[in-house]
Amino acid sequence: MKVSQIEHLGIAVKSLDEAIPYWENVLGLKCYSIEEVPDQKVKTAFFKVGEVKIELLEATADDSPVAKFIEKKGQGVHHVAFAVEGLEDALAEVNSKGVELIDKAPRKGAEGLDIAFLHPKSTFGVLTELCEDPEK
Ligand code: CMX
């Protein structure tokens, strides 16, 4: 499979309202989009750093994956997302190589991307997202 770049880093925070000023006022980045992903029970805030995006993630429910993550590990880097060409084929390939898929088929994520997660137990502890922009 072909990974073209790190598309974004997902960072779990307790509160977008509390975290965004750090990214804007200290690092000087601009939050260009805030979007809720009801399916994932998260609210997201996006920043661009060169070609890579930062996705801040706030849980919108107690049983959100992000709420569980913060409860167990605290705030911090939650996942790494790689842009791939041909997401369905990439999933079949990683699966054939023994990696456990959380999403067996692509689904819609923030910013209209097609996404799928790989289980951190198969990826040396890093929750990994593969994504593809259907518009490209
Ligand atoms: N990074 C690394 N490890 C993680 C993790 C993360 N983000 N989240 C959970 N884990 C670890 C747990 O600590 C646990 O480790 P131990 O067994 O050593 O304690 C292990 O993974 C499995 O945990 P689990 O109890 O089986 O499963 P959880 O209910 O905690 O769910 C996971 C974990 C990854 C399967 C779930 O969070 C998931 O499906 N994530 C994908 C979807 C997601 O994260 N959505 C939010 C972002 C959406 C977006 O970006 O739009």
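# Ligand site and selected residues in a predicted model

An oxygen atom of the ligand is placed 2.7 Å from an N or O atom in the side chain of K72. That distance comes from a predicted model, and the points below should be read with this in mind. The ligand sits in the largest pocket, where the elements that give two or more residues to the shell around the ligand are β4 (52-59), α2 (65-73) and β5 (76-84).

- Besides K72, whose side chain has an N or O atom 2.7 Å from an oxygen atom of the ligand, the side chain of K68 has an N or O atom at 3.3 Å from a ligand oxygen atom.
- For K121, a polar side-chain atom lies 3.1 Å from an oxygen atom of the ligand.
- On its own the ligand has 960 Å² of accessible area, and the protein covers 72% of this area.

**Composition of the shell**

- There are 17 residues around the ligand, and those that come nearest are Q40, E55, K72, H78 and K121.
- Sorted by class, the shell around the ligand holds 7 nonpolar residues, together with 5 polar and 5 charged ones.
- Among the elements, α2 gives the most to this shell, with a contribution of 5 residues.

**Residues in strands**

- A81 has its place in strand β5, which is one of the elements that give two or more residues to the shell around the ligand.
- Because its relative accessibility is 0%, and buried means under 20%, A81 counts as buried.
- A81 and T128 are 47 residues apart along the chain, yet their C-alpha atoms are separated by 5.9 Å.
- R107 belongs to strand β6, and with a relative accessibility of 17% it counts as buried, because this value falls under the 20% cut-off.
- The side chain of R107 is joined to the side chain of D103 by a polar contact of 2.9 Å.

**Loop residues with positive phi**

- E111, a residue other than glycine, has a positive phi near 60°, and it is found in the loop between β6 (107-108) and β7 (114-118).
- The relative accessibility of E111 is 27%, so this residue counts as partly exposed, given that the class lies between the 20% and 50% limits.
- F124 is likewise not a glycine, and its phi is positive at about 55°; this residue lies in the loop between β7 and β8 (128-132).
- F124 counts as exposed because its relative accessibility is 82%, and exposed means over 50%.

**Loops on either side of α2**

- D62 is found in the loop between β4 and α2, and it is exposed because its relative accessible area is 76%, a value over 50%.
- Between D62 and I11 the separation is 51 residues in sequence and 17 Å in space, taken from C-alpha to C-alpha.
- G74 lies in the loop between α2 and β5, and with a relative accessible area of 24% this residue is partly exposed.
- Along the chain G74 and V13 are 61 residues apart, while their C-alpha atoms are separated by 8.4 Å.

How values were computed
Residues are numbered from 1 along each chain as its sequence is written. This is a predicted model: local features need pLDDT of at least 70, side-chain atom pairs count only at pLDDT 80 or more; totals for chains, interfaces and linings use all residues. Side-chain values use heavy atoms; hydrogens and water are left out. A residue is near a molecule or strand if one of its heavy atoms lies within 4 Å of it. A polar contact is a pair of N or O atoms within 3.5 Å; within protein, one must be able to donate a hydrogen and the other to accept it, and residues adjacent in sequence count only if both atoms are side-chain atoms. Accessible areas come from the Shrake-Rupley method with a 1.4 Å probe; for residues, only the protein chains shown count as cover. On a 1 Å grid over the protein atoms alone, a cavity is a set of points where a 1.4 Å probe fits but cannot get out, and a pocket is an open set with protein on both sides within 12 Å along at least five of seven lines; lining residues have an atom within 4 Å of a point. A molecule sits in a cavity or pocket if more than half of its atoms lie within 2 Å of its grid points. Helices (H or I, at least four residues) and strands (E, at least two) are DSSP runs, numbered from the N terminus. Ala, Val, Leu, Ile, Met, Phe, Trp, Tyr, Cys and Pro count as nonpolar, Asp, Glu, Lys and Arg as charged, and the others, Gly among them, as polar. Buried means under 20% relative accessible area, exposed over 50%, partly exposed in between (1.4 Å probe, protein chains only).
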